[in-house]
Amino acid sequence: MIIDSKQYAGRCACGKTHTLQTAYTVVERGCMTKLNALMAQHELGGFTVAVYDANTYAATADRHPQADAEIVLQPEGLHADERGVALLLEKLPPQAQTIIAVGAGTIHDIVRYCAYARGADFVSCPTAASVDGFCSSVASMTWEGCKRTLTAVAPKIVVADVDIIKAAPLRLARSGFGDMVGKYVALSDWKIAHLLTGEYYCPHIAQLTQEATQAVVDCVDGIIAGDADAYEKLTYGLLLSGLAMQMLGNSRPASGAEHHISHLIEMAPEGLDVRSDALHGEKVGVGTLLAIGEYQRLRTVDPQQFADYRGFSDGELQAIFGAQTAAGLREENRQDCAAAVTAQQLRQSWQGICAVLSQLPQPEELRALYERGGICAAPEDIGVAGEKAAQLLDASPAVRNRLTLMRLRRCLE
Ligand SMILES: [Zn+2]
Ligand SMILES: [Zn+2]
């Protein structure tokens, strides 16, 4: 499967002109053996550095691309954070002009950030269908304890070898599935924000993300069966979702309340006593079920009870996150995206909001799908006590100043 970016970029019906830094994406069996030729075709080269971790170095042993330098990071304790970045920057030859990331999400985020910092071109070789961020132009990082979306660069080309991806542990593909199924919630949040506050919305980008999600949901049985076509579709869906984010310039179509739950768990806030070693997509999958259950329930609340929006107080933030992290989140929420939302506005838009929510799958439907795919569904599946669910719903909007129904829930009851 080849995704030709020319087909997607350009003048759009939404009134904007969308651009893509990623010119070419290929998802095929064996395509990594053509990487150097593809790079030459796209005028990528100069001093080239390939970055692996020890696992992906071994997994791609028969098809390492030619490079002037190879860096193999140790996967233990490697995270997309300030330490991971410092580690790579220290090893990266100063003359690097093109950096190839050969790995999954963490390697990609570290490389894309370092490529940005050094002004180098970035080439992506995903080795697992584990996240949708491969072609993102921003790096999702934990920076000094806070989840941050940092400016970085998108890959010029993406070469996703299905032979390698299919051979990766099944758990990684399940995680990719969890990341994609979250788009149901993310797209609803985006539409609701558009309805309520007039936030910019592009139906074309939303449609692309929807199609990518459907492609992934349809291949759940094939993934379990180890079918190469299903892996190709899953990878295609993940990459398409990433391209949709790139077209928009932010993660709006792909990240809403479900991702905020995942980020909250990742931050392991002092006052919440949650901690999880689960993968990003596993947490997102759990967050998605929690969010969809709650969103379906919110359809039944009485609009007469709605109140004007009230933001997170200092006391609330400190109780959940502790003094140090609370300071960062106070900054994040300073220009609260929901500050102007009133009860009356919500009542006026409520019918439209409920129409958006009625498009969401039912939690039972989703749970059955998870079961077929062996996907983490309950908080316990990722090491979080079930009784924490209510607190996760309450606190998660604070991690990102983005309008979601979960944030608006503060006005609904
Ligand atoms: Zn558009
Ligand atoms: Zn994600």
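## Contacts and the model

Two residues are in contact if their C-beta atoms, placed from the backbone, lie within 7 Å. This is a predicted model, in which local features need pLDDT of at least 70 and side-chain atom pairs count only at pLDDT 80 or more, while totals for chains, interfaces and linings use all residues. Residues are numbered from 1 along each chain as its sequence is written, and chains are lettered from A and ligands numbered from 1 in the order in which they are written.

Leu-239, leaving aside its neighbours within four places in sequence, is in contact with Ile-3, Thr-25, Val-27, Phe-134, Cys-135, Val-158 and Ala-160.

## Overall form

The protein has 17 helices and eleven strands, counted as DSSP runs numbered from the N terminus (H or I, at least four residues, for helices; E, at least two, for strands). Its C-alpha trace spans about 65 × 40 × 40 Å along the principal axes. Of the 413 residues, 51% count as buried, a residue being buried if 20 or more other C-beta atoms lie within 10 Å of its own, exposed if 12 or fewer, and partly exposed in between.

## The nonpolar core

A nonpolar core is a set of buried Ala, Val, Leu, Ile, Met, Phe, Trp, Tyr and Cys residues joined through C-beta atoms within 7 Å. The largest such core has 130 residues, and those with the most contacts inside it are Val-51, Ile-99, Val-111, Leu-234 and Leu-239. Helix α10 (residues 228-248) gives the most to this core, namely twelve residues. Because domain 1 (2-168) and domain 2 (251-412) both give residues to this core, it lies between them.

## The two domains

The division into domain 1 (2-168) and domain 2 (251-412) has bounds that come from an automatic or database domain assignment. The centres of the two domains, taken over C-alpha atoms, are separated by 30 Å, and the contact takes ten residues from domain 1 and eleven residues from domain 2. On the side of domain 1 that touches domain 2, β9 (138-143) and β10 (146-151) each supply at least two residues, and the largest share, three residues, comes from β10.

## Helix α8

The 16 residues of helix α8 (residues 203-218) should span 22 Å at 1.5 Å a residue, and the end C-alpha atoms are 22 Å apart, which agrees; the expected span is 1.5 Å times one less than the number of residues. Within α8, the residues Ile-205, Ala-206, Thr-209, Ala-212, Thr-213, Ala-215 and Val-216 are buried, and what covers them includes α6 (170-181), α7 (183-197) and α10.
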